[in-house]
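I opened this structure for the first time today and kept notes as I went. The entries below are in the order in which I looked things up.

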Amino acid sequence: MNINNLQRISNAEWKIDAHAGMHVPAIIYASEELMLSMDDKVYEQVTNVARLPGIVKASYAMPDAHWGYGFPIGGVAAFDADQGGVISAGGVGFDISCGVRTLHTGLSIEDVMASQKQLADVLYQHIPAGLGSTGNIHLNSKQMKEMLNGGALWAINNGYGERKDLERIEEHGRMQGADPAQVSQFAQKRQQNEMGTLGSGNHYLEVQKVVEIYHAETARAFGIQQGDVKISIHCGSRGLGHQIGTEFLKQMVVSAKDYAIKLPDRELACAPIHSKLGQRYLGAMRAGINCALANREIITHLTREAVHRLFPDARLDLLYDVSHNTCKLEQHDIDGEMKQLYVHRKGATRAFGPGHPELPPELRDAGQPVLIGGTMGTASYILAGTEQSMGLAYGSACHGAGRNMSRRQAVRQWHGGQVIQQLADRGIIIRSPSKRGVAEEAPGAYKDVNAVVTSAEDAGLARMVAKLEPLICIKG
Amino acid sequence: MSNVYWEHFEHKADIGVRGFGNTLAEAFEQAAVAMTAVVTDISLVQATTTISIACIDEDKDALLYDWLNALIYEMATRKMLFCKFEVSIDHDRLEATVYGEAIDIERHQPCVEIKGATYTELAVYKEEQHWVAQCVIDV
């Protein structure tokens with residue numbers, strides 16, 4: 001990105017003043033190095049979002065921002081429903097409530113390395129991954145409706161997962177206000193055999209070792225120690241979320257003129273929150289969030305079963321579960337006044353600071369765990385929300401490394417077999433149904449995740465707590 | 001060079017599909033071939049089963065969006081891959097016969113699941129003597 005037209009506010013904060021129809025300024029949080037390599041499309045998209053009706057304060061982009069659909073991936077924007085504010089299907093994304101959760105294992109690195117291959121195999125056999133895979137759970141329409149209302153709570157009530165997981169999930173595992181009646185039969189059919197499946201692309205299940213602690217006190221509060229083994233799961237609302245996104249995106253494109261919304265880009269299609277379509281999408285999207293929460297809870301259950309085959313005494317307690325494609329009604333302080341705002345986070349993680357009432361009591365002093373996925377060859381990070389972050393981008397931070405290279409370029413540059421071998425030489429086992437899929441997701445195709453989290457910390461969005469490196473990666 | 005072919009184009013996070021044809025219908029067929037090629041090597045897919053697809057929209061861009069998303073829906077719910085597409089378009093109405101087979105993970109090595117066809121770079125237009133149909137696919 002050409003940074004000459006941007007005003008540098010601090011080491012890791014850049015501002016684009018409101019111009020040409022922008023209602024508010026745009027702010028990008030990133031180091032100069034990340035800014036220089038950032039896609040020009042991010043500039044275009046973050047300023048386009050600032051042109052949407054009812055946007056409050058600013059349109060934000062996180063350090064891992066890249067070219068998305070209307071909103072940049074890594075975009076955050078809040079809207080005031082009473083000021084004509086909108087809700088956007090593109091601003092949430094096709095994979096509604098895609099997110100990451102991390103489990104403790106209580107195992108040592110030695111335990112895992114002594115049976116690394118067996119653990120990789122048992123996880124790969126037990127957790128359906130990749131295109132064409134189906135779960136063992138098949139939902140009829142009544143069960144589907146219950147799942148869409150109940151989220152992770154539904155999963156637990158049906159024998160998948162543990163009740164105490166709930167307090168470690170945003171919304172306590174169940175998004176209120178879901179309206180399954182707004183989820184089309186097509187979307188429901190796409191999901192009926194997909195519960196408890198990982199999906200493909202950048203989705204994964206990873207066994208990781210904690211290699212560095214940055215903030216001892218917060219790490220203690222999170223239950224993280226140097227040398228711990230953790231398991232992280234990255235996936236979303238599967239076919240149901242994709243179908244909701246597809247259908248509502250088109251409806252919002254078609255109806256924008258009825259609501260007199262001038263779209264700078266069709267992908268920014270949106271509807272007023274106070275409109276029939278806006279409310280219908282909100283109900284469907286919230287049902288999609290519940291689907292993702294239920295799905296990650298079921299995969300957690302499957303993961304526990306698989307690990308117990310080799311380590312019957314292992315306790316896989318949930319550290320935390322974050323969603324990074326959502327629109328949520330939240331209360332925020334705007335110039336001294338508390339306001340209810342609809343906060344879109346597209347490829348951005350909620351990062352609430354210490355003391356926030358949404359956090360469970362034992363995490364409240366430390367701030368919300370922010371789980372940042374890396375690639376199969378690079379580190380993942382655990383961060384914590386800061387007090388300062390609440391006043392920056394509505395308590396939000398980055399979500400991952402972000403791609404630096406297209407899938408096509410990646411396939412030209414690497415072969416899957418060669419990537420798997422190189423990682424094996426470094427002690428990392430990959431299990432995947434597709435070699436080309438591995439090549440497309442090669443670690444070199446992503447931005448330097450370390451630079452992304454360092455920028456997030458420099459900007460004050462979140463504080464670095466721990467670094468984890470992969471031992472086993474199950475790739476869809 | 002033939003006017004009937006397909007290609008992929010770059011998108012940082014995802015991938016674009018572009019079909020070319022002498023007619024609008026051929027361009028739509030080629031865009032669908034390009035979409036299968038995102039998932040697997042299309043020569044590995046056999047035409048053992050046929051299904052029918054119909055879409056209606058007077059806007060050509062929206063018709064392409066609906067066509068590709070209808071295919072994605074059929075791929076997802078039937079667990080199939082498609083290799084051959086016979087499309088006819090009459091004004092706002094698209095009718096298609098689509099050939100393919102059930103996904104065989106070993107043989108097809110599907111590399112990615114498609115989430116949806118998007119409005120990004122979505123365009124259907126006539127260039128000199130041939131038609132172009134394109135959009136970015138979210139994977």
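Predicted model: local features only at pLDDT ≥ 70, side-chain atom pairs only at ≥ 80, totals over all residues.

**Entry 1: two helices of chain B.** I looked up how helix α1 (residues 24-39) of chain B packs on helix α2 (residues 60-78) of chain B. The angle is about 40 degrees and the axes are 11 Å apart. That angle makes α1(B) oblique to α2(B), because angles under 35 degrees would count as roughly parallel. I recorded the crossing of α1(B) and α2(B) as right-handed. On the α1(B) side, the contact is made by F28(B), A31(B), A32(B) and M35(B). On the α2(B) side I found L64(B), W67(B), L68(B) and L71(B). Sorted by class, this contact of α1(B) with α2(B) has eight nonpolar residues, no polar and no charged ones.

**Entry 2: a sheet in chain B.** In what order do the strands of the open sheet of chain B lie? I read the order as β3-β5-β4, three strands with antiparallel pairing. The edge strands are β3 (49-56) and β4 (80-90) of chain B, and each of them pairs on one side only. On average, neighbouring strands of this sheet are turned by 20 degrees against each other, direction ignored. I then followed one pairing: β3(B) and strand β5 (residues 93-102) of chain B run antiparallel and are joined by eight bridges. C55(B) has L94(B) of β5(B) as its bridge partner. I also noted that helix α2(B) lies across β3, β4 and β5 of chain B and runs at about 145 degrees to β3(B).

**Entry 3: a loop residue of chain B.** I checked E121(B), which has a positive phi of about 55 degrees although it is not a glycine. E121(B) sits in the loop between β6 (116-117) and β7 (123-127) of chain B. E121(B) counts as partly exposed, because 14 C-beta neighbours lie inside 10 Å.

**Entry 4: two helices of chain A.** I turned to helix α5 (residues 116-126) and helix α10 (residues 276-310) of chain A. Their axes come within 9 Å and cross at roughly 145 degrees. The crossing of α5(A) and α10(A) is right-handed. From α5(A), the contact includes L119(A), V122(A) and L123(A). From α10(A), I listed L302(A), A306(A) and R309(A) among the residues that take part. The contact of α5(A) with α10(A) divides into six nonpolar, three polar and two charged residues.

**Entry 5: a strand of chain A.** Are the residues of strand β4 (residues 59-66) of chain A buried or exposed? I found eight of the eight buried, so β4(A) is largely enclosed by the rest of the structure. Strand β3 (residues 26-28) of chain A runs parallel to β4(A), with three bridges between them. A26(A) has S59(A) of β4(A) as its bridge partner. β4(A) also pairs with strand β5 (residues 73-79) of chain A, in the antiparallel sense and over three bridges.

**Entry 6: two loop residues of chain A.** S97(A) has a phi near 60 degrees, a positive value in a residue other than glycine. I placed S97(A) in the loop between α3 (89-92) and β7 (99-108) of chain A. S97(A) is buried, because 29 other C-beta atoms lie within 10 Å. W414(A) is in the loop between α12 and α13 (416-425) of chain A. W414(A) is buried too, with 20 other C-beta atoms within 10 Å. I noted that W414(A) touches V419(A), A439(A) and A442(A), leaving out residues up to four places away in sequence. The C-alpha atoms of W414(A) and V438(A) are separated by 9.1 Å, although these residues are 24 residues apart along the chain.

Notes:
Residues numbered from 1 in each chain as written. Chains lettered and ligands numbered in written order. Axes fitted to C-alpha atoms, helices over the stretch in contact; angles between N-to-C directions. Helix = DSSP H or I, 4+ residues; strand = E, 2+ residues; numbered from the N terminus. Parallel < 35°, antiparallel > 145°, perpendicular 65-115°, else oblique. Left-handed = near helix turned anticlockwise from the far one by under 90°. Contact = placed C-beta atoms within 7 Å. Nonpolar A, V, L, I, M, F, W, Y, C, P; charged D, E, K, R; others polar. Pairing = 2+ DSSP bridges. Buried ≥ 20, exposed ≤ 12 C-beta atoms within 10 Å, placed from the backbone.
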